Amino acid sequence: MTLYHILALSGVVFSIGIFGVLTRRNILGILMSIELMFNAANINLVAFNHYLHPGNVWGQGFSLFVITLAAAEAVVGLSLVLAIYRNIKSVFTENMNLLHG
Amino acid sequence: MSLIFYVFGALLVLSALGVVLLKNVFHSAIALVMALALVAGIFVMLGADFLGASQILVYVGGIMIIMLFVIMLSQQPVEALQRQVNEQWLLAMILSIAIGAGLAEGFKKYFAYHFKSPGLMPTSVSIGRLLLGEMIVPFEAVSLALLAALVGAVLFSQEQKDK
């Protein structure tokens, strides 16, 4: 368990998240892939905090902010998804091509 | 410790692949629950005990419950059988593999030395002092952002009266 292995793991998870964002047709799948990318970034922050700056906790504090804002983003995004679903009865992104539902 | 980390890492990659590849979006939400719990385990191994606990509380206990609610509210039975990826999957695969390989290569260039792992210590006290001390301005800004998200969620999800 070295720093490089943790960073490589988070890089793999991040690129899996990018793949999900680019290919999913379901908007809920896209939101979940974004959560994966947030978590990869958080692993990076905590790993750098642990190995490079062991005396303080700034990396962990930043990760807490990332978690909090991810929660806020997920709540707003999911309520938007519900509002769109109520209008067009679909969660597939290619059907969401109207600005005015 | 090290063996547990590699097992967790392999399971994390597998469940992340499950999130993006499984056909039924409910199943991929379950895979995401597993991935988030494994990330919490990795946090704990990296000495971030408070962060691991709040990862479980906020993500696995909060965000994923809302996400499962929305999935159950918005899923039509036929959609689970339809194709879940769009036509650009090959291009996206090439792009994401390139990004992953680039990240791994860049990290290898700068961080491949063996950094000494310091011992694990409880961090709750120092995180509390950090959040209410030096990080007080972003802390308050985040509370404002959470309030805005709350109001926005209520606003977006209410039924429109004029229909």
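Modeller: In this contact, 58 residues of chain A meet 72 residues of chain B; two residues are in contact if their C-beta atoms, placed from the backbone, lie within 7 Å. The model is predicted: local features need pLDDT of at least 70 and side-chain atom pairs count only at pLDDT 80 or more, while totals for chains, interfaces and linings use all residues. Residues are numbered from 1 along each chain as its sequence is written, and chains are lettered from A and ligands numbered from 1 in the order in which they are written.

On the side of chain A that touches chain B, the elements giving two or more residues are α1 (3-23), α2 (27-52) and α3 (58-88) of chain A. Helices (H or I, at least four residues) and strands (E, at least two) are DSSP runs, numbered from the N terminus. The most is given by α3(A), with 21 residues. By class, this side of chain A has 40 nonpolar, 15 polar and three charged residues. Here Ala, Val, Leu, Ile, Met, Phe, Trp, Tyr, Cys and Pro count as nonpolar, Asp, Glu, Lys and Arg as charged, and the others, Gly among them, as polar.

One partner of α3(A) is helix α6 (residues 136-157) of chain B. Two packed helices are described by the angle between their axes and the distance between the axes. For α3(A) and α6(B), the angle is about 10° and the axes are 8 Å apart. Axes are lines fitted to C-alpha atoms, for helices over the stretch in contact, and angles run from 0 to 180 degrees between N-to-C directions. The two helices are therefore roughly parallel; angles under 35 degrees count as roughly parallel, over 145 as roughly antiparallel, 65 to 115 as roughly perpendicular and the rest as oblique. Among the residues in this contact are Phe65(A), Leu69(A), Val76(A) and Leu80(A) of α3(A), and Val142(B), Leu146(B), Ala149(B) and Phe156(B) of α6(B). The residues of the contact divide into 15 nonpolar, four polar and no charged.

Another helix on the chain A side, α1(A), is mostly covered, with 17 of its 21 residues buried. A residue is buried if 20 or more other C-beta atoms lie within 10 Å of its own, exposed if 12 or fewer, and partly exposed in between; C-beta atoms are placed from the backbone. In the segment after α3 of chain A lies Lys89(A), which counts as exposed because it has 10 C-beta neighbours inside 10 Å. The phi of Lys89(A) is near 55°, a positive value in a residue other than glycine.

Within chain B, helix α2 (residues 25-45) and helix α3 (residues 49-74) pack at an angle of about 175°, with their axes 8 Å apart. That makes α2(B) roughly antiparallel to α3(B). Their contact includes Phe26(B), Leu36(B) and Phe43(B) from α2(B), and Ile56(B), Tyr59(B) and Ile71(B) from α3(B). The residues of this contact comprise 19 nonpolar, two polar and one charged. Further along, Gln82(B) lies in the loop between α3 and α4 (89-111) of chain B. Gln82(B) counts as exposed because it has 11 C-beta neighbours inside 10 Å.
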